Each structure stands twice: as structure tokens, then as C-alpha cells.
Amino acid sequence: MAKTDKNTTPAGNSLGAKLMGMTDTNLLLTITVIVFFLMYIGAVVFLRGGFLKPQTFFLILNSNAALIILACGMSLVMITGGIDISVGGVTALVSMCCAVYLDYKDGNVFGAIMIALAIGLAFGVIQGLMVAYLDIQPFIVTLAGMFFAKGMTTVVNSSPFNVANEAFVALKTTRINVPGLGSVNKKGIYVPAYVEIGVLVAIVIVIVMFVLLRWTKMGRNFYAVGGNKQSALMLGINVKRTKFLSHLICGLLAGIGGFVYFLHVGSGSPSNAAGAEMDAIASSIIGGTMLTGGVGNVVGTFFGVLSLSTIQNIVSSIGFDEAWWTGITKAAMLCLFLLVQSVVMSVRKKRISAS
Amino acid sequence: MANSENVKTSSAGSWKNLLRNQCFIPIAALLLLAVFNLIVDPTFFRITFGYNSAGNPVLSGAIIDIINNGSELAILAIGMTLVTAASGGQDISVGAAIAIAGSVILRVLCGGNARPETLEAPIIVAFLVACVVAMLFGAFNGVLVAYFKIQPMIATLILYTAGRSIAAWINNNELPVISDPKFAYFGGFIPGIPIPTPFFIAVACMIVVGLALKFTNLRLYTQSVGINQSSARLNGLNPELIKVMTFVILGLCVAVAGLIKVSRVSSINYSVIAKDIEMDAILAVALGGNALSGGKFSMAASIIGAFVIQCLTTTLYKYGVPATALPAYKAVVVILLVIVSAPTVREYFSTLVKKMKLKGEVA
């Protein structure tokens with residue numbers, strides 16, 4: 001699939017030729033990473049202010065750790081050629097169940113983590129079975145999953161509340177200082193830069209997923225199934241099991257992401273993670289994952305989440321801080337990346353067919 | 001009810017025909033819901049005649065609720081079916097687009113004034129402007145899908161994300177209220193007619209689309225583009241243009257639904273109006289047995305599907321399910337329906353039936 005392009009492009013020394021020699025996955029990843037760094041450096045140079053402090057970057061990470069995890073799962077499913085729009089609903093359900101368990105049932109943190117994993121796994125298994133073995137469109141299955149999760153969230157508890165469990169609050173407020181990147185505030189006191197535990201979890205998951213997708217047989221199967229189901233079948237890949245696994249892992253990651261989200265906000269609410277599924281899809285696309293399947297990379301997804309959040313910060317810091325600009329900016333960003341993808345792909349296709 | 005009795009007495013041949021008919025699943029679901037309501041609480045079917053606060057004669061009851069509130073959904077299902085058939089994907093921005101269309105209508109009617117004493121423009125002008133705007137947004141989606149070859153769900157994700165923000169921006173985030181009673185006719189009752197107006201609007205849309213399907217090549221063109229785009233092109237069609245056209249038609253449906261939605265409350269709430277309606281509209285298409293991957297479609301089945309969903313919603317409300325928990329119940333029903341209608345499950349059962357028949361013959 002993607003890799004075979006390598007041999008068909010003529011060898012050349014120019015940058016253009018080098019770009020054309022990349023696989024689809026790497027090309028889109030490169031674009032995303034370059035755009036992110038241009039944007040961030042541009043913000044540091046022109047806007048200065050908060051962007052000069054490294055902590056701004058860590059704040060973006062802190063508030064998006066859960067989204068990174070969700071988007072990793074989403075990318076995996078999209079690489080396999082499916083989609084999972086239930087992740088936002090699962091996140092809300094997980095945070096509500098954990099909150100109720102911790103506060104009303106006097107549970108411990110370990111139990112809450114188990115609940116989160118169990119809920120995620122249950123959604124993953126059921127949706128995976130229906131998509132892979134019953135051949136129902138993933139969109140419909142996960143749409144129902146989203147409805148179910150959102151509805152169940154209000155059945156579990158309909159009013160939002162903050163969790164007061166001591167062990168949990170201690171975990172929530174744990175800050176991991178990043179050495180050397182702190183800043184001195186107006187009073188002259190050194191404020192260390194910090195990240196939350198969720199960020200570490202997210203980074204571990206990105207690394208694990210990257211290794212899984214790049215260097216394991218199972219990971220390559222995901223690309224093969226997404227690239228061309230028919231030829232994957234002929235190569236002897238168990239297409240159904242691969243699809244099932246992609247949904248299972250995505251569900252599990254939604255469970256973990258749900259707990260990380262819960263750890264960040266520290267409350268259970270039916271309105272938690274509203275629209276997270278769309279943010280996850282948008283981040284995956286900005287990160288270079290294509291919905292047609294077979295192309296994508298979780299490192300790109302990681303930068304996709306950061307880009308989406310950075311542009312929002314930039315827009316609000318240059319004065320467009322009315323609520324509606326958030327939506328419009330996100331959409332414009334998504335639109336831009338979709339067009340870039342579309343144009344790049346059609347140019348490549350023409351070049352390849354010409355040579 | 002008479003229908004199901006006929007089914008029981010008919011021969012095996014017509015059984016098969018009936019099962020193969022696309023309308024079977026939605027009609028069966030509708031009958032199932034009707035029977036359920038009949039058993040549990042027959043008052044579901046009671047229609048009462050009364051007068052509303054304005055002194056106009058109105059009919060009320062659960063059935064009236066269904067045909068009233070299901071109207072927007074049915075109108076959207078029409079456009080969604082065409083989009084699904086031609087592009088093999090769904091438009092998830094219809095809810096956001098309704099917010100935009102509604103916002104445009106209020107903006108034109110109020111002219112920037114949040115509490116106008118009189119309307120600044122005739123309602124028809126406001127509606128036409130909303131139509132143009134909604135069709136332009138439809139064309140935007142369509143161009144992304146057809147010419148830039150972006151998957152429909154992803155292309156419309158853009159408008160889904162931005163739509164409600166744009167709607168708020170159009171009216172400067174104010175919530176205009178229209179006091180003119182005439183404006184409320186479209187979402188309520190016209191004096192002297194006891195049947196809710198949205199139903200008439202929905203029926204008018206159905207008639208128009210029915211005539212269009214019968215007397216134009218709309219069905220042929222959309223289906224051929226959906227089934228095989230390359231062979232459609234080789235046969236002299238312009239697949240891109242046809243795809244854009246289906247999105248523009250959906251835009252028109254959105255404008256009509258938007259008019260009904262804002263007329264119901266004579267105002268607008270940008271984050272709540274038509275929330276999750278895109279999901280319901282897609283479900284209506286899926287319930288109608290139309291392949292979500294494009295190709296052949298049955299408009300009637302989609303429209304019945306829309307009313308099935310509304311019937312389900314109304315039934316659940318009637319039994320005291322809170323609005324926030326509604327999606328969970330809906331999801332269970334939807335999952336059961338898609339499992340029953342899944343090709344693999346159907347195949348399994350048809351082979352099961354065949355085996356049983358063989359056994360019977362042997363015996």
C-alpha cells in the first residue's frame with residue numbers, strides 16, 4: 001500500500017522529490033509537525049506574553065492529556081478503516097461512575113481505575129463484536145454506543161458534583177515538576193513548571209501505540225486491513241479479528257482516557273467531555289490519519305491535539321475571545337488540513353501515474 | 001393491525017416478498033411499537049379535541065405529537081437519504097445548519113433588534129434568505145465531498161464544529177424573540193385548522209420529492225453515482241455535480257426544518273436547537289434499510305423510519321423516561337434493530353429456515 005510508492009517515484013535531490021519519496025503516513029506527519037512548530041514559534045515570536053513561558057505548553061498538555069489518549073484510540077480505529085464516535089460518551093460515563101463510586105460508595109482509587117478499564121473494555125468488546133463479526137457499519141454501532149453511554153451517565157447520576165475523596169484529590173493535585181523550565185513570577189519567586197500524572201499516562205500510551213503500530217505484526221495488520229481489506233484477506237490476515245482488536249483497544253483507551261479526564265477535572269457531570277469524539281476525530285485528521293484507512297500515525301495525532309489546542313490559545317490571546325470563535329477556529333483549522341491532505345494526495349496520484 | 005393479520009394468512013411466497021421489501025423493517029418496528037402501546041396503555045391512541053391558549057381548535061394526543069414533532073425529522077430524512085445514496089456518506093452538520101438557518105430567519109425578521117415590535121421583513125423573504133444561506137452551506141459541504149474527495153462525515157465535521165458558533169455570531173449572540181403570532185403558525189397551529197402545521201409542511205415536502213423522483217431522473221442519477229461513480233461518468237453523468245446537488249437539496253430541507261424549529265418557540269437557543277437531530281436523521285435512513293454506503297434507496301422507508309424514531313421518543317417520554325436518559329433507551333432499540341437487519345444475521349436465519357424446511361420435507 002503506502003510503502004510501495006517509494007519505488008515508483010524518481011530519485012532526485014530536491015526537497016520536493018524527497019517529500020514525494022515519503023510514504024503517505026510520513027508525509028502527512030511531516031506536514032503536521034512542521035505546521036505545529038511554525039505556529040508555536042510564530043506565537044512565541046509575535047505574541048510573546050504567555051507563550052514565552054514553558055508552562056503555557058505544559059498547561060496545554062495538562063488539559064489535553066485525556067484527549068491525546070482518546071485520539072490515539074480513534075487513530076487506530078481510523079487506520080483500520082472504521083470510526084468510533086462513542087469515545088466522548090464513554091469518557092463521560094467513566095468519569096461519572098468513578099465519581100459516584102468514590103464519593104457515594106466510599107470506594108478507593110484502585111477500584112475506580114478498575115471500573116474505568118472495565119467500562120472501556122466492555123464498550124470495546126461489544127462494539128468490536130458488532131462491527132467485525134456482524135458486519136454492521138461502525139458509524140451506526142458506535143453512534144448507538146455514544147447514545148447509550150450519554151444516557152447511562154444521567155441514569156447513574158443526573159447532577160454534576162465534585163469529588164471529595166481524599167486519596168483521589170491527593171492524586172489529582174500531584175504535580176510532577178519539570179526541572180529547569182520554571183519561570184520567575186512578578187514577586188521574584190521561582191515557580192517550577194509542572195505536568196499532571198495524566199500527561200505521563202498519555203505519553204506512555206503514545207509511545208506504546210507507536211511501537212505497536214510500527215514494529216509489531218499486529219500493528220502492521222491494522223494498516224493492511226485499512227489499506228485494502230481484500231488484499232489483506234488474501235495475505236492471510238484475519239481481517240475480522242484485526243477489526244475487532246482495533247475497537248477493543250480503542251474502547252480500552254477510551255476507558256483510560258476517561259479516567260485521565262476525570263483525574264483532570266475531578267468531577268462527575270453529564271456534560272463532561274461534550275464533543276470530545278469530534279475533537280478526537282479532528283485531531284486524528286490534523287495529525288494525518290485518513291478516514292479511508294491505511295494511513296496514519298499516533299505521533300501525528302499527538303501533534304494534532306497540540307495544534308488544535310495551540311491555535312485556540314493563539315486566537316483567544318489576540319483578542320477574539322468571544323465563545324463562538326473557538327468553534328469557528330477549530331473548524332477552519334480542520335478545513336485547512338483536510339484541503340492540504342486532499343491536494344497533496346491528488347498531486348501525488350498524478351505524479352505517480354505520470355511516472 | 002389488519003396488516004399483520006394479512007401477513008399471517010398469506011402464503012410462503014408473499015412472506016418472502018414482504019421480507020425483501022425495504023419498508024418491512026420500519027413498518028414492522030412501527031407496528032411493534034403500536035402493539036406495545038396498545039397492550040401497556042391504550043390511551044396512547046386517544047386523540048382529544050380542545051382549544052389552545054389562543055382559543056384555536058387543536059387536536060392533542062400522543063399520535064398528534066408524533067406527526068407534529070416527527071415532521072422536521074421526516075423532512076431531513078428526505079435530504080439525508082439523497083446525500084447517503086449519492087455520496088455513500090452522511091451529513092452530520094444538519095443540526096448545526098438548522099441553527100444557522102434559524103438564526104438567519106430571526107436576523108432578517110428582527111433586523112438586528114432583539115425585541116422588535118413589528119417584523120422588519122415579510123416571513124417569506126426571511127425564509128427565502130435562509131434557504132439561500134442553507135443551500136450555500138450545503139454546496140460548501142458538497143464541494144468538499146465531491147471535488148476535494150473528502151469523506152462526507154469528515155467534510156461535514158467542519159460545519160458541525162463551526163455551525164452553532166456561526167449561528168450565534170449571525171445574531172451577535174443575542175436571543176431575538178418574535179412576538180408576531182403569525183410567525184408561530186409554522187410550528188404550531190393555523191387558526192381554524194386543528195392539525196399541526198409542521199405536518200402539512202412535511203407532507204408538502206414529501207409530495208414534492210415524490211413527484212421529483214417520479215418525473216425526473218433524480219433517483220436514477222443519484223443511485224448510479226452511488227453504486228459506481230466511474231461507470232456513471234462513463235455513461236455521461238457528472239458525478240461531482242450530482243453529489244453537490246444532493247447536498248444542496250439537503251440544504252433546502254434544512255432551511256424548511258429550521259423554519260419549523262424557530263417557529264415552534266418564536267426564538268432560538270443556539271446550543272440546544274435541533275441538538276442531536278443529525279443522529280436521528282441518519283438513524284432514520286439506516287432504519288429504512290438503506291445502505292449507508294450509498295447506492296439504491298427507498299425514500300418511503302426513510303420517511304417511515306423517521307416517524308418510527310419519533311414514535312419511540314414519544315413512547316419513552318410517555319412512560320416517564322427523563323429527556324436526558326432517553327438516548328440510552330434509544331440506543332438499545334437501535335442496536336436491536338440493526339442486529340436484526342444485519343445481512344449476516346439475516347443470512348443465518350434464512351439458512352436456518354431452509355434447513356427446517358428440508359427437514360420437514362424429509363419427514
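Analyst: pLDDT is the predictor's confidence in each residue, from 0 to 100. This is a predicted model, and the mean pLDDT of chain A is 83, with 92% of its residues at 70 or more. Chain B averages 84, and 93% of its residues score at least 70.

User: Which stretch of chain B has a pLDDT below 50?

Analyst: Residues 1–10 of chain B do, and beyond near neighbours in sequence this stretch has six contacts in the model. In chain A, pLDDT stays under 50 over residues 1–12, which have 18 contacts beyond four places in sequence. Helix 1 (residues 5–8) of chain A has the lowest mean pLDDT among the elements of that chain, 41, while helix 12 (residues 239–265) of chain A has the highest, 93. Where pLDDT is low, the predicted coordinates should not be read in detail.

User: What does the predictor give for the complex as a whole?

Analyst: The complex has an ipTM of 0.73 and a pTM of 0.81.

User: How many residues of chain A are in contact with chain B?

Analyst: The count is 37 residues of chain A, against 40 residues of chain B. Together the two chains bury about 3,400 Å², 84% of it on carbon and sulfur atoms. F147(A), M278(A) and W324(A) supply 21% of the area that chain A buries against chain B, more than any other three residues.

User: What is the count of salt bridges between chain A and chain B, and how many residue pairs are in polar contact?

Analyst: There are zero salt bridges between the chains, and two residue pairs in polar contact, both at pLDDT 80 or more. On the side of chain A that touches chain B, 28 residues are nonpolar, six polar and three charged. Helix 7 of chain A gives the most to that side, with 13 residues.

User: Why are E277(A) and K150(A) called a salt bridge?

Analyst: The rule asks for a side-chain nitrogen of Lys or Arg within 4 Å of a carboxyl oxygen of Asp or Glu. The closest N and O atoms of E277(A) and K150(A) are 3.9 Å apart, so the pair meets the rule. E277(A) is in helix 13 and K150(A) in helix 7 of chain A, 127 residues apart. Over all chains the count is eight salt bridges.

User: What makes the pair of F37(A) and F303(A) tilted?

Analyst: The ring centres are 5.9 Å apart, within the 6.5 Å needed for a pair. The planes stand at 55 degrees; stacked needs under 30 and edge-to-face over 60, so the pair is tilted. F37(A) is in helix 3 and F303(A) in helix 14 of chain A, 266 residues apart. Over all chains the count comes to 16 aromatic pairs.

Notes: Residues numbered from 1 in each chain as written. Chains lettered and ligands numbered in written order. Heavy atoms only, no water. Contact = heavy atoms within 4.5 Å. Buried area = accessible area lost by both parts, 1.4 Å probe. Polar contact = N/O pair within 3.5 Å; in protein donor to acceptor, adjacent residues only side chain to side chain. Helix = DSSP H or I, 4+ residues; strand = E, 2+ residues; numbered from the N terminus. Nonpolar A, V, L, I, M, F, W, Y, C, P; charged D, E, K, R; others polar. Phe/Tyr/Trp six-rings, centres within 6.5 Å; stacked < 30°, edge-to-face > 60°.
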